[in-house]
Every structure is written in structure tokens, then in C-alpha cells.
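Reader: Hello! Could you walk me through this model, one step at a time?

Author: Gladly; have a look first, and then ask away.

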Amino acid sequence: MLNGKDCFLYKKEVDWSLLHEGFSIPVEFQKSVQDHVVRIVRGQSKRIRFAIKTQLFDARVINQAFDEKKYAGHPDVFQVRYVPTSLLALKLREIFEKSYAVLKTLRHEAKKAECRKQVRVPEGAREYLVLYAGADEHEIVCDSITSDDIAIVRLFVDSKDIREEEFERAGEYDFKDLRARIETREQVVRIRRLDRSIGESLKRLYKYRCQICAENFGKERGVDTAESHHIEDFVKSLNNDSENLLVVCPNHHTVIHKAQPVFDGRRLTFAYPNGFEERLQLNIHLKRLR
Ligand SMILES: [Zn+2]
Ligand SMILES: [Zn+2]
């Protein structure tokens, strides 16, 4: 079993609900939570601890009960819950004070306009809570990616003119010839590791098969060759949410970067400049755009 920061669980965008009462864990991340944090059957609720730096906070994980006859085949609905006045909620509002301020303003404006739509921090200013399995059972270790962290990585990536393929394939950056400040190095390595962890968790989800051709070339040969690809270039978007990632075989990965086909998120297809089109054969984690 992987422990501590090695076992990535979930990256969650900071929103109003996260700062006050909790969040849902999407189906593709539930298995990791079950395997590494807490076993929980439908209808059950268990106490867990959140570790933030050296402090521990109480919360609950719930595997929501629902009408299984009415919603046959529906996956588990997994939620992390706490109350708005809890120490955990207070701590989260302190760490993500920028998101909190923006969301408060947006909600105030939405209320005045009598708009019931959920408010969301605008792109470029979004912050994230990253969850890893803790060393102890029932413990989740939290890391935060604030807008300040992202700004540092943005500066670095822009100043180095890093190519997307280089970013995706490099093990770690070689900082030897880069006169980057220590703070910058740390942030870049941290974001880069997180990117790899999210990619690895998706590869496990697809059992190392390519989402485009459904093949696992390495399987018979006893190795894993699956790679993760960013739908929107990471060096442009700095977006390593799972919705921006695909699991592909090395062949498809090379072709995508060479031919630069356009990905259609509604039809889940790649359209190549020469007119060729191919659709994803496997998809568990991408929500089809409307
Ligand atoms: Zn493939
Ligand atoms: Zn790629």
C-alpha cells in the first residue's frame, strides 16, 4: 500500500461548498479512497481526519444511500462532510482567503441579480485542495495550490518557453542551468509531481489501456507504456485537472503531438487536419460537454 504523499486521491477546485460544508468525490477517485483511506458501504458514514501541515481536523465520509430500484446501476455517491463552523471549514477559509473573497463578492452580485446559478472563481484565479492518503488509516493529508503558487509556476513556464511534449515526458526538470529561485523550483516540482500523480491514477483507472485504441501494448511484454496527455496544453493552461487529461498509448501520443488534431469534447473525437477522425473507445472520467 502506498502511503503519505505518494498516494494521490483527488484534486478539488475550491468553491463555496468546500469552504463551508464539504464536497463530493467523483466516481473515478472513489476506489482510491476505499483502498487507501476508509472502507465504506452504501448507506454508511465514517469519521476521518484531515491533516493540514501539523494539525488534524475532524470530518466525515458518507457513502450516500439512495433508492436503488429507481436508480439501478447508479454509482456510489461519495461525500466528505463538515459543518461551516468547524475548525476544518475555518482553516480552509483561511488558506483559500482569495477564493473566499472572490466567491463572497460573486454570490452577493448573483443574489442582487436574483440569479440562482452556482458561482465559480474565474479561470486563472482558481485554487485547489489536493488530497493524499495519510500514513494512518482514516487519515487524509491535504495540500493546497493557491493562486500565488500558480503565479510562480506561470512565470517559470513562460520564461523558459517549455514545449508541451518536453513537459509531459520529462521525469523531473533539470534545474542545473536554470537560475531559478529555490521557491520557484519547489513550486514547479510540486505542481509537476501532482501532474504525474493525477496521470498515474487515471492510468490505473483504465488499466493502462489507451482511451483511443483501447490497446495496452506493454501488457503482454510485462511493462506499462501508457502515457498521460493534456487535452489543452499544460504549458498554456497549467490545467492538470483530470478533465484535461487523457490516457493514451505512445503511438497515439506521438501522433497527436505531430498532427495536432482538434479534440471535440462533445463527441469525444479527434479530428485530424487531413480529414481523418477517431473517437475515444474508452471513457470513464471525461464528462461529455454539451
Ligand atoms: Zn492508442
Ligand atoms: Zn501530450
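Reader: Which strands does helix 7 lie across, and at what angle does helix 7 run to strand 1?

Author: Happy to start there, with the reminder that this is a predicted model. Helix 7 covers residues 182–205 and lies across strand 1, strand 6 and strand 7. Its direction relative to strand 1 is about 110 degrees.

Reader: What is the order of the strands in the sheet?

Author: The sheet is open, has 7 strands and shows mixed pairing. Neighbouring strands in this sheet are turned by 30 degrees against each other on average, direction ignored. Read across the sheet, the order is 1-6-7-3-4-5-2.

Reader: In what sense do strand 6 and strand 7 pair, and which residue is the bridge partner of A133?

Author: Strand 6 spans residues 128–133 and strand 7 spans residues 139–145. The two pair in the antiparallel sense over 6 bridges. For A133, the bridge partner in strand 7 is I140.

Reader: Which strands does helix 3 touch?

Author: Helix 3, residues 87–95, packs on the sheet, and its direction makes about 110 degrees with that of strand 4. The strands it touches are strand 3, strand 4, strand 6 and strand 7.

Reader: Which residues coordinate the zinc ion (ligand 1), and how are they spaced in sequence?

Author: The zinc ion (ligand 1) is held at 2.1 to 2.4 Å by the SG atoms of C210, C213 and C249 and by ND1 of H252. Along the sequence, these donor residues follow the spacing C-x2-C-x35-C-x2-H.

Reader: What is the geometry of that zinc site?

Author: There are 4 donor atoms, with angles of 103 to 115 degrees among them. For four tetrahedral donors, the ideal angle is 109.5 degrees. The site of the zinc ion (ligand 1) is tetrahedral.

Reader: Do C249 and H252 count as buried or exposed?

Author: The relative accessibility is 10% for C249 and 12% for H252. Because buried means under 20%, C249 and H252 both count as buried.

Note on methods. Residues numbered from 1 in each chain as written. Chains lettered and ligands numbered in written order. Predicted model: local features only at pLDDT ≥ 70, side-chain atom pairs only at ≥ 80, totals over all residues. Heavy atoms only, no water. Donors = N, O, S within 2.8 Å, 3.2 Å for Na, K, Ca; no water. Tetrahedral: all angles 85-135°; square planar, octahedral: opposite > 155°, others 65-115°. Buried < 20%, exposed > 50% of the residue type's maximum accessible area, 1.4 Å probe, protein only. Pairing = 2+ DSSP bridges. Helix = DSSP H or I, 4+ residues; strand = E, 2+ residues; numbered from the N terminus. Axes fitted to C-alpha atoms, helices over the stretch in contact; angles between N-to-C directions. Contact = heavy atoms within 4.5 Å.
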